Amino acid sequence: MKITVIGGGPGGLYFSILVKKANPKAQIDVYERNKADDSFGFGVVFSDETLSEFLSRDPKSYELIRGSFAYWDDLDVARDGEVVRITGNGFCGCSRKTLLQLLQQRCTEEGVNLHFEANVDDLSQFKDSDYIVACDGINSFIREQFAADFGTKTILQQNKFVWLGSTKPLDAFTYFFRSTPYGTFVAHTYQYQEGMSTWIFECTPETWEKAGFETTNEADTIQKLSEIFKEELDGHGLISNKSHWRQFPTITNEKWHKDNIVLLGDAKATAHYSIGSGTKLAMECAIALADSVIAFGTDKQKAFEHYEKLRRNRVEQIQHAANVSLDWFENMERHMQHDFMQFAFGVMTRAKKVTFENLALRDQSFTEKVLTEFNSANGNFKFGTPAAFTPFSLRGMQLKNRIVMAPMGQYSAESGLVSDWHLVHYGARATGGVGLIITEMTAISKTGRITLGCAGIWSDKQVVAWKQITDFIHKNSKSKIGIQLGHSGRKGSVNVPSVGSNIPLENKGWELISASPIPFKENMPVPKEMDSADMHKIVAEFVNATVNADEAGFDMVELQAHHGFLLASFLSPLTNHRKDEFGGSIENRLKFPLEVFRSMREVFNPDKPMSVRISASDWAENGISPEEVITIANAFKDAGADIINVSTGNTVSHQKPQVGRMWQTPFSDLVRNSAGIPTLTTGFIQDIDQINTILLNGRADLVALGKPLLLDPYFVRNAQAYEQFQPDDIPNQYHLGVSHLFPLRQSERKEKEGMKKALKPESHKK
């Protein structure tokens, strides 16, 4: 077997070592355009988990690397002189140059042929190779030559960064944040060998320009950064190595192979440095590629399929986490306003993989500080109270806890009338301890329904039916209940979901209206573009429904302005193509929804709060922008909204949402910490640990659950038992259950924590 490796970085070298060990007869040639002792950058980072993999694959490489690395267990977050240390992290740093030399040594020992100062610009010379491994870096010549075949996409990220070194010793991986008149700077720093540390400086483009940096002026860069971080550097200088300011390119490839060519390392996929080393990712992929080639020999198709099967999902997960992490740093200006412990906790949990419980297992003293600060800042003097079970107030409405039941259509009403089903549905979640219930979207008129099974509140009979539910909840629980009022717009007059998604009614349908005459889907009717008469009628119907909601005993009203329904169709540029005063700029697109909201606020009880639910992203090209979302939030805030319920998507049928755990929290973060208004978040939030994490890192004030509450109306009671939090609102009829549930959940938690500790990678500290 003949293998040609283009690029002599860590990934290509490690792949060559592993394959040559397994198949000594294989001819493996590595071609590197630089000299053997050239290296750009300073240090690389590995976790205990990765080191364990190295140990199992090639103990000789492991021992060489381990003998040269600087190990740390601690991570510091520092902001303008304040510092907190978080222990139990388990990472090591190693000089990139040393790492390359050690891997080159191992290649030579195993019989791999190394060719330096060998620039490859013509692959035809290797046509007899069974495999050509393209690991020629972030600017891969091979990848770019066949970009269409690989399906290469490169997105240049916003922030500016520069990679420097220093002689400053560091005993922990440290994030140094500095406030300046120009904006915020952060230095990602770690020691990689005695007397040497890596310093990656990062800032927004606006901050970079205000500070007067120049892309390639290394001397000026060092002078300015040395002054900004003079306290952190403590008299030590900064060292450059072709250290030019750059923007990070996120690279993806739909296919990782073409003919006998396969991509590896940064040529294949990049992951932002804020979640770890690209070298780590490259070497882990090198292991998978080596396994695949060893298993299938010269059967390239099977080898490549196996390679992608082993790594595709993992790489995409890492890239997703990296994108979430880099988003945090791109928006670090808005996080700097947080109290220090909340800020530090936000740094640690920014990628959503690390949670409050994860950190408590590593360093309980840190999470205790975070929780103490949160409780103190929120006026809760019972320290140690889990964040989810702290009270929260909006106007005169006092919530016992911060867990909310999200609106979920039941499609079980008849002529808009709720029934015993709804009484049991909402009543069970109330006695189950939910802090706030928000009803399913409730139509303001017969033609405002989505389906024939939707609830309504346009008639006196409907008010009476709803009042039975609110009375039961107020009498038998301490939960509060709000109602979401809305109009379906262009998404109405369809069958209930059990029949199918967005299937128009053949009989008993009604005319649809919207901001513009654009159907939601091809099979759906074209809605009428609303005129002034339609607008006056809709305002009146929302006002009537609001008066009815107050009479029915609801504690809060939420205005539906999300997911492409009637009012949302005015807000998105994808659904509003109007040429009059209600179309065009975001200020114009806001006019009608704001008119509706102000009219509702005028007639609703002033002691009761109002919420607005918005879509903060359309997940489609040319959709609503983050700047427009902030404008929308500020406009509703100024009009009297007390909280924004931040959702995303469902504006257009061709959306492409990026779904994952807690996937909508960054949008809640955007609204809460830019517009300065409380927010409610939702979306794939599944357990109490995630809820606590979201609240503690300042991304939302309330957390709504949908599907988790459908089959578990006692989610909150189970969570309270898990946290060993003793509530005072368990109905007397159910009190005997405490003696069973609380010890059971405590035992299960201890067992789970024990398993997590047992599965933690072994420390590789020398």
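**Aromatic pairs and charges over rings**

Trp208 and Trp245 are both buried. In this predicted model, the count of aromatic pairs comes to 34.

One of these pairs joins Phe185 and Phe213. Their ring centres lie 6.0 Å apart, and their planes meet at 65°; the pair is therefore edge-to-face, since the angle is over 60 degrees. Phe185 belongs to strand S12 (residues 183–193). Phe213 sits in the loop between helix H7 (205–211) and helix H8 (218–228). The two residues are 28 apart in sequence, so the pair ties together separate parts of the chain. Phe185 has 0% relative accessibility and so counts as buried. Phe213, at 6%, also falls under the 20% limit and therefore counts as buried.

Trp208 lies in helix H7. Trp245 lies in the loop between strand S14 (238–239) and strand S15 (246–253).

Charged side chains over rings were examined next. Phe213 carries Lys224 over its face, at 5.7 Å from the ring centre. Over the ring of Phe565 sits the charged end of Lys491, 4.6 Å from the centre.

Methods. Residues are numbered from 1 along each chain as its sequence is written. This is a predicted model: local features need pLDDT of at least 70, side-chain atom pairs count only at pLDDT 80 or more; totals for chains, interfaces and linings use all residues. Side-chain values use heavy atoms; hydrogens and water are left out. Rings of Phe, Tyr and Trp (its six-membered ring) pair if their centres lie within 6.5 Å; planes under 30 degrees apart count as stacked, over 60 as edge-to-face and the rest as tilted. Helices (H or I, at least four residues) and strands (E, at least two) are DSSP runs, numbered from the N terminus. Buried means under 20% relative accessible area, exposed over 50%, partly exposed in between (1.4 Å probe, protein chains only). A charge sits over a ring if NZ of Lys or CZ of Arg is within 6 Å of the ring centre and within 35 degrees of the ring normal.
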